[in-house]
Number of protein chains: 2
Amino acid sequence: MTDSSNLLSKVASYDAKAEQFHCDFSNHLMLGHLGNELLNVADRHSMERGYGMPALIKMNRTWVLSRLAIEMNEMPVAYDRFTISTWIEDAKRFYTSRNFKVSGKKGMTLGYGRSIWAMIDVETRKPVDISSVKDGLIGEYVDKDTLCPIKPASRVIINGPMHLARQIKPCYGDIDINGHVNSIKYLEHIIDLFPIELFSEYSLKRIDMAYVAESHYGDILNIYVDDSEYNVYGSTLNTVDCRTEENLSANKNADNISRIYNIRITKCSENEKNEVEVVRCSVKFVKV
Amino acid sequence: MTDSSNLLSKVASYDAKAEQFHCDFSNHLMLGHLGNELLNVADRHSMERGYGMPALIKMNRTWVLSRLAIEMNEMPVAYDRFTISTWIEDAKRFYTSRNFKVSGKKGMTLGYGRSIWAMIDVETRKPVDISSVKDGLIGEYVDKDTLCPIKPASRVIINGPMHLARQIKPCYGDIDINGHVNSIKYLEHIIDLFPIELFSEYSLKRIDMAYVAESHYGDILNIYVDDSEYNVYGSTLNTVDCRTEENLSANKNADNISRIYNIRITKCSENEKNEVEVVRCSVKFVKV
């Protein structure tokens, strides 16, 4: 075990800013950029404590994001400065859970995040025992006391029929250093399913991302939407873009305080039509 | 005129970092993220000097990016800290030119940028006289002495046949606070046209973006590629994705030190099939 006197604090805070060019049409920071900031902060926090990606890569290990949940009361607007605090809530043999708190002016809580990470062997892509790295150093940083008052990151249970909303071929910009489609890119592709007008009437309250398998350049991604709650997406839309006038008017006519959409992303290829599940997601909007 | 003694320096430098999650499969910062940083820095520099977006909006004015050129010797890699310096090279009646220098470790020059901006009336969307704002304050900041040794941002002249490489419907994430497709999003969509393998053999040396007209949510964007130099994109590809095996092998067989691709983006709509030019672009790759 490491000498505890050398340890940094368990919770660390990092400053961020809602850059104008990272904000949407309503001047609010886009969730994808916030998600990126959370992952950046996770990366810094773990690096500073000795179990970050650069240290792991030397041991043929890497972190893989397994689940991510973000729940926001309010999104920063352009030019707002905000703070992200992060800490390890738990470290089991094969996964760790890391939480986030997003604070705005005068320390006002804007929202929270939760994430679950596995450690894998870079070559076999199989999970490895986290406690075997640096003699279980990460255990020294577990903080079970700091509060994260949002529900755990869900593995997203999907029932009922799904409608193919969009097919995507991952491009250069989708692929990250690990050679697979970047976690946040899935999130951005999912948010891009919804008509822009929805974001005027509703705010994106919570997103749960469950990363089931990796996908790569050359795969075809199929994005399915299950709107069992409100059935906004009709079966006639099963091969086309969601953002149609019919959907839009269905959204407008629905007088609901919140709407939840479940989404499944599968992968296939030109030659292999069998679909393998890659991501499950739940998105919750609430009336503004 | 403002009392010169209150003026800040003409050239200002801002620190940035290549966040891991902003890097591509080869661990280099993606050009879209660098472009975003340049625009952020332009925004900060002009805000600090009294003619930024927030000040202009109160006068029903806004800056619109007309041209952007980025030329890099080297891209930062993940975790690299770098510095962006920016200054106004010229301020004419209807446009200003702003330059950028990107520096890495020990002040090493990584590359440069050039941009041209018009000021428009928010409602009429027509150009307005820049010298009418704050009694020509911007003129106090013109710096013609600082060197920017790359060619001016080109308006990109396109000759020869163009091939439709991709059609895109702008989504939520493409639209910025001005209500139009974000300048950097066009750049990212263009870079995403190229097969990922190209980025292993070549590095993206320079991009010239000429913004001709605005496009909006609901438009359909048509992206055309003119590869007159090497004719990599054959006429048989006129309705499909560029990233095919044939293109790839054509790229691989070409023994060229550099390749230049010209791109034109037009907009149309479901009801209006006449196409209006939105963006012209030239992308130069050089052999690694």
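Beyond its neighbours within four places in sequence, Glu19(B) is in contact with Asn40(A) and Arg44(A), where contact means heavy atoms within 4.5 Å. The model is predicted, so local features need pLDDT of at least 70 and side-chain atom pairs pLDDT 80 or more, while totals for chains, interfaces and linings use all residues. Residues are numbered from 1 along each chain as its sequence is written, chains are lettered from A in the order in which they are written, and side-chain values use heavy atoms, without hydrogens and water.

The side chains of Glu19(B) and Arg44(A) make a polar contact (2.9 Å); such a contact is a pair of N or O atoms within 3.5 Å, one able to donate a hydrogen and the other to accept it, and residues adjacent in sequence count only if both atoms are side-chain atoms. Glu19(B) is buried at 12% relative accessible area, buried being under 20% with a 1.4 Å probe and protein chains only.

Turning to the second largest pocket, 20 residues line it, and Glu19(B) is one of those nearest its centre. Lining residues have an atom within 4 Å of a point of the pocket, an open set on a 1 Å grid over the protein atoms alone, with protein on both sides within 12 Å along at least five of seven lines. Helix 1 of chain A gives the largest share of this lining, five residues; helices are DSSP runs (H or I) of at least four residues, numbered from the N terminus.

As for cysteines, zero disulfides are counted over all chains, a disulfide being a pair of cysteine sulfur atoms within 2.5 Å. Cys268(B) is in none, with the nearest cysteine sulfur, that of Cys171(B), 15 Å away.

Note on methods:
Buried < 20%, exposed > 50% of the residue type's maximum accessible area, 1.4 Å probe, protein only. 1 Å grid on protein atoms, 1.4 Å probe; cavity = no way out; pocket = protein on both sides within 12 Å on 5 of 7 lines; lining within 4 Å. Helix = DSSP H or I, 4+ residues; strand = E, 2+ residues; numbered from the N terminus.
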